[in-house]
Amino acid sequence: MGMDYVMGVDAGSTYTKGVLMNEDREIVALDVTLTGANINNAAETIRRKLLEKSGIKETDVKLVVGTGYGRYIIRFGNIQVTEISCHARGAHYLFPNTRTVLDIGGQDMKVIKVNERGDVVDFVMNDKCAAGTGRFVETIIKSFGLNFKDANDLALKSRRGIALSSTCTVFAQTEAMEHLAIGDAIEDIMYGVFKSVITRAVGLITRVGLTPELTFTGGLSLNPIAVKILETMLKTKVNHSDMTMFAGAIGAALYGVEKLETEKYIG
Amino acid sequence: MLPDFPKELDKGKAIQAQYIRRHFSEELQKAPELKAKGYKYAYLFVMGNPIELLRPFDVFIGVYPEITSLNISYKGEAIPVLDAAEGLVGFPTDVCGYVKMGVASTYMANKIKVTVPVIGHMPEPDLMVLHYTGCQVYIHWWELYQYMFNTPVLVYDIPHLRHLEDTAKPHKEDIEYVAEQLKDSVPFLEKISGVPFDESKFKETVKITAETWDYWRQTIEMEKLVPAPYDAYFEAIYYMSMITIYRGTKDALDYYKYLLDELKARYKFINEHPEYAERFRLIFEGVPPYHNYKSFWNLFKRWGARMVYATYPKVPGMELFRFDPSRPWESEAEYMILPYCNINYKDRAEILAKYVDEYKADGVVVHSIKSCKSFSSNHGDFKEYLSKELDVPVLLIESDHVDPRYYSEAQIKNRIDAYFEALSLRAKR
């Protein structure tokens, strides 16, 4: 009998991430695409890319697990699991000593306490507001005509960070523009943008309680300046890698493998 | 998904709905003719009001602005009323939604366009009864009506419950302090009503309430049964309207007699039909999002969850309290001191912890609302105490009770689903 596969698709508000995993919990392919207005199209694109990259036949994919805000919209999804559970499982897979997960995605921020199996023990999230999310950073840097890489490079050169309001994206944007108008360095303003988001994250981490190790997932974890500020503020090492943005999709795939195992066991 | 009960086992909600309609259409909407007949509209708060003292005068009709506000929101009519409150009256957005809607639906009544006018308007008050029980905004809310209509305000000073004694009773001195105020207020009520006070009628009313309360308490305690016969939050909120609006009447007594029988029949039914039994037993703390009431309830039903205890239906009074007709003044005073929101935060956390055990709950859901600081200020501490010290899984979610602008179903659903995923794994391990 050949190997069975599962697909985890994390349909986030900004990016849709996908992971193809075999029944031995090994990642065989992963990819990402912009979600855009049509979640189902984005998920479809990811499915096609994963199959092309891996050369796996569609019929060998036994289960598709959807996660993220668009999880119920993915037409070919078999089961749905929240990204809170999936990020917990995915972060634990990437860094098995993980006990606290910080996920900063496009439209929310969450801190998850996990146990030694990667199960969610507790979690807190930002309230109904974009401040403290990837979208907060994106909105401000876009208004400066920058992308994430440029903003990172600039912020890393900052000599004195500027404190920006962290309660409202729109007000913070105006505030950033005002700093530019009075002659503050763009490097310092960019630092302030990242610092604003990480300050909120540290507040949430404090609410749940920091149990090491801390793993940083989601799109913002790819920004070295965000990791640097987080490590400085918490005075601890933070797990992150170029795979952490896929934590949700990895977790979804792991839930799929678990389900396959249960079904086989039950017969 | 937890299935709905057959209609013959779910009449309790429909019966209370008839009474709610009667309250709005017969008692509030007919204000001009009733006022002409000598009736007086007494504005009251839900929490710990002394309606038993008002009923013997036979002319007071209770008006509950909190109930009007929540009904407006429940019917999906909050936005035009909030618009009037913020745009025409001039309230800032972060003032309590109950206050904004309560004031607008009296003061701006003729300028608000709602499609269900029967609930959108309240008659001008003839008397306002202020009992400062837990909510710090109460006094200013009534103060606004006083400015607008020059209505007299009867103030009872209710001591905050610093500490519940071992018997779960308020302090003796506090009870005496409030009982004396109640007695002192009688001449004022006689003056406003134009009716002499009849103490025997007061005693009789307390007696009816005592009996009613006993049925209500038995209803609450039925939830210790496994499986639970009803949802102690989402259904009890319907049931509680009778203890709130019609307490001290034969109607309320008959209602709770009926309800107890209905729920006993339900329990028998669930045992014969296990698909109606709950998968998760939860405790709920906080005020519901009335604007999305049923869809919010469904987010729990789809996981097979049933609330087995909730603190919100205890806002009119804690079930551990018993009315004692043999000492009506003291009993009424004790009732006024003991509503849930007048209890200090530390004891409230202990109450939640106690009921997790007594009601065999799997976890606690806390819904914190932007409007109400007296209910929500310590929700973070409740979560920390229960989850970190007692290992009780707690879900903390935030929105508002009457203002739909603070509600985002996708985000709420996400948190609820994640909570149940974690509870499911916990149950499996």
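## Strands 4 and 5 of chain A

In this predicted model, strand 4 (residues 61–67) of chain A runs parallel to strand 5 of chain A, and the two pair over 2 bridges. If you want a spot to look at in the viewer, find A:Gly66, which sits opposite A:Gln80 in strand 5 of chain A.

These two strands belong to an open sheet of 5 strands in chain A, with the order 3-2-1-4-5 and mixed pairing. Its edge strands are strand 3 (27–34) and strand 5 (79–80) of chain A, each of which pairs on one side only. As a reminder, strands of a sheet pair through backbone hydrogen bonds, in either a parallel or an antiparallel sense.

Helix 1 (residues 39–54) of chain A lies across strand 1 (5–11), strand 2 (15–22) and strand 3 of chain A. Relative to strand 3 of chain A, helix 1 of chain A runs at about 145 degrees.

## Chain A as a whole

Stepping back, chain A contains 8 helices and 10 strands. Its C-alpha atoms fill a box of roughly 70 × 35 × 30 Å along the principal axes. For 267 residues, a compact globule would have a radius of gyration near 18 Å, and the 19 Å of chain A agrees with that.

Of the 267 residues of chain A, 51% count as buried. Among contacts in chain A with a separation of 6 or more, 70% come from residues 24 or more positions apart.

## A parallel sheet in chain B

Chain B has an open sheet of its own to explore: 4 strands in the order 2-1-3-4, with parallel pairing. Strand 2 (60–63) and strand 4 (153–156) of chain B are the edge strands, each pairing on one side only. On average, neighbouring strands of this sheet are turned by 25 degrees against each other, direction ignored.

Within this sheet, strand 1 (residues 40–43) of chain B pairs with strand 3 (residues 127–131) of chain B in the parallel sense, over 2 bridges. Here B:Tyr43 has B:Met128 in strand 3 of chain B as its bridge partner.

## A closer look at B:Val315

B:Val315 is found in the loop between strand 6 (305–310) and helix 15 (328–337) of chain B.

Beyond its neighbours within four places in sequence, B:Val315 is in contact with B:Val46, B:Met47, B:Pro339, B:Tyr340 and B:Cys341. B:Val155 is 160 residues away from B:Val315 along the chain, and their C-alpha atoms are separated by 19 Å.

## The largest nonpolar core

The largest nonpolar core holds 208 residues, and the members that touch the most others are A:Phe194, A:Ala253, B:Leu282, B:Ile283, B:Met307 and B:Val364. Helix 6 (residues 186–208) of chain A supplies the largest share of this core, 10 residues.

Apart from neighbours within four places in sequence, its contacts are B:Asp231, B:Ala232, B:Tyr233, B:Phe234, B:Leu282, B:Ile283 and B:Phe284.

## Where the two chains meet

In total, 14 residues of chain B are in contact with 13 residues of chain A. On the chain B side, helix 18 (379–390) and helix 19 (409–428) are the elements that give two or more residues. Helix 19 of chain B gives the most, with 9 residues. By class, the side of chain B that touches chain A has 5 nonpolar, 5 polar and 4 charged residues.

Note on methods: Residues are numbered from 1 along each chain as its sequence is written. Chains are lettered from A and ligands numbered from 1 in the order in which they are written. This is a predicted model: local features need pLDDT of at least 70, side-chain atom pairs count only at pLDDT 80 or more; totals for chains, interfaces and linings use all residues. Two residues are in contact if their C-beta atoms, placed from the backbone, lie within 7 Å. The radius of gyration is taken over C-alpha atoms; the globule rule is 2.2 Å times the number of residues to the power 0.38. A residue is buried if 20 or more other C-beta atoms lie within 10 Å of its own, exposed if 12 or fewer, and partly exposed in between; C-beta atoms are placed from the backbone. Two strands pair if DSSP finds at least two bridges between them. Axes are lines fitted to C-alpha atoms, for helices over the stretch in contact, and angles run from 0 to 180 degrees between N-to-C directions. A nonpolar core is a set of buried Ala, Val, Leu, Ile, Met, Phe, Trp, Tyr and Cys residues joined through C-beta atoms within 7 Å. Ala, Val, Leu, Ile, Met, Phe, Trp, Tyr, Cys and Pro count as nonpolar, Asp, Glu, Lys and Arg as charged, and the others, Gly among them, as polar.
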